Amino acid sequence: MYNQLELQKDYNFVSPSLGLEATGAEEIEEIVFGFVKETELKQELVDIIEHGNYITCFLTITTKTGEVMDVVEVFLVDEEGKVTNIWAL
């Protein structure tokens with residue numbers, strides 16, 4: 001299911017540890033992907049677990065300075081299989 005996810009038009013992204021929050025593709029592109037580009041984050045997918053309407057992705061993130069972090073992203077999907085929320089923890 002993960003590789004076939006569609007996004008709701010007004011889906012929400014929240015990363016409390018980074019202080020990022022955005023809603024909708026345009027805002028998410030600007031805020032979230034702008035941050036990823038600026039900090040040159042590289043993501044490696046470690047594992048995916050699906051549980052009902054939740055998909056949990058375990059990632060290893062490397063910054064441009066070489067700092068490595070283990071991150072969890074949780075996707076909430078609606079009945080149509082479209083993402084409504086993403087939490088990066």
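Predicted model: local features only at pLDDT ≥ 70, side-chain atom pairs only at ≥ 80, totals over all residues.
Visitor: Where does Gly 24 lie, and is Gly 24 buried or exposed?

Guide: Helices (H or I, at least four residues) and strands (E, at least two) are DSSP runs, numbered from the N terminus, and Gly 24 lies in the loop between strand E2 (20-23) and helix H1 (25-39). Buried means under 20% relative accessible area, exposed over 50%, and partly exposed in between, with a 1.4 Å probe and protein chains only; Gly 24 counts as buried because its relative accessibility is 10%.

Visitor: Which residues does Thr 63 contact, leaving aside its neighbours within four places in sequence?

Guide: Contact means heavy atoms within 4.5 Å, and Thr 63, with those neighbours left aside, is in contact with Thr 39, Glu 40, Leu 41 and Met 69.

Visitor: Which residues have the most contacts inside the largest nonpolar core?

Guide: In soluble globular proteins, nonpolar side chains tend to be buried together. A nonpolar core is a set of buried Ala, Val, Leu, Ile, Met, Phe, Trp, Tyr and Cys residues joined through side-chain atoms within 4.5 Å; the largest one here has 13 residues, and those with the most contacts inside it are Phe 13, Ile 28, Phe 75, Val 83 and Ile 86. E6 gives the most to this core, with 3 residues.

Notes: Residues numbered from 1 in each chain as written. Heavy atoms only, no water.
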